[in-house]
Amino acid sequence: MCNVCGCASGEVTVEGHSHDHAHDHHHHHHPNGQTHDYGQGPARAHAPGLSQARMVEIEQDILAKNDRYAAANRAALAGSGTLALNLVSSPGSGKTTLLTATLSRLNGRLPLAVIEGDQQTANDAERIRATGVPAIQVNTGKGCHLDAHMVGHALEHLDVRNGVLFIENVGNLVCPAGFDLGEAHKVVILSVTEGEDKPLKYPDMFHASDLMVLTKTDLLPHLDFDVAACIANARRINPRLKVLKVSAKTGEGLQGWLDWIEAARTMHAVGGEV
Amino acid sequence: MHEMSICESIVNVIEEQAAAQGFGRVRRVRLEIGPLAGVETEALRFSFDVVTRGSLAEGAALEIIETPVTGWCMPCGQPVAVRERFDACPECGSYQVQITGGEELRIKDLEVD
């Protein structure tokens, strides 16, 4: 069971992954807490034989365990020269459609793989595999996000040496923001049918991301969506956020997205930032 | 977000620490949580009571220390007081403010037997 995500045992399933084998989970224990025994009971009258409260200093991030798994993933990905992108958005933003359009253009040019996170079904992984790219579906059960532990298991089954790993997170603009998976970049995907104030309503995700991809831009002539206001809102949350406008349907803007991925690969290879 | 899983992580840390430091029961848990940590403290309190049942933190008091939000204004080149991620710099009105504090989600200490 993964204690980070809190899903009950057996609910998280990683395709092709059995929990029967002996684990090497990098379960390092860091007993970094210090005991401060003040030597006196609460009433400052220490009676021998009576229990005595003491303070134990912990000073530990609650999500430290996830962060340790994420660091292990990041090291493994760096070692294999794999650029990992964590795609986050609300449900229905067009993540899978953008991904299939991206994969069909990149396939054959460099190694590719996809980790698909959904609460249930392998539908998205099947859509991905139809492009010829290997995909592993992770069903989070009742969980609302992927965590680094699940991704670590999925990584055991994928070989993307010197390529790009796309991690399609559970459609949810809240929880995935708090969980580092070991990716190089979080990419937040926002469709133009969603309303330009979404960055203000769900600031954590836009703050955590390095790139915002505005999707379904072919629909703009039919909508009142204010692109400039949306970008301004997003940059109020995250002044460093880069923005791309894409229609996976018409292909408009897709080349810019592919160029960004190529730039990210190059910078990842030299240990820099896009 | 996911307050229940956060509480399970807290219990997990407590159990690790109990084994390492040799204590059997927890009377009080003190957390440091920033307003930008994405945690709803009322939901956390509710989840804490449920999740700690049957653990060595059952019945423990939960104390939450709220840490301040702090920011750094890039144009001004100095720390500034903000409350939200999208607040403008109170000095120059710019939105080029980077959050430097207020995202903490930590277990500070435990009172144990």
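## Salt bridges and the A–B interface

A salt bridge here is a side-chain nitrogen of Lys or Arg within 4 Å of a carboxyl oxygen of Asp or Glu. By that rule, four salt bridges cross the interface of chain A and chain B. One of them joins Glu59(A) to Lys108(B), with the closest N and O atoms 3.3 Å apart.

Taking contact as heavy atoms within 4.5 Å, 41 residues of chain A meet 38 residues of chain B. The two chains bury about 3400 Å² between them, 52% of it on carbon and sulfur atoms; this is the accessible area (1.4 Å probe) lost on putting the two parts together, summed over both.

## How the model was read

This is a predicted model, in which local features need pLDDT of at least 70 and side-chain atom pairs count only at pLDDT 80 or more, while totals for chains, interfaces and linings use all residues. Side-chain values use heavy atoms, without hydrogens and water, residues are numbered from 1 along each chain as its sequence is written, and chains are lettered from A and ligands numbered from 1 in the order in which they are written.

## What lines the side of chain A

The side of chain A that touches chain B divides into 18 nonpolar, 14 polar and nine charged residues. Ala, Val, Leu, Ile, Met, Phe, Trp, Tyr, Cys and Pro count as nonpolar, Asp, Glu, Lys and Arg as charged, and the others, Gly among them, as polar.
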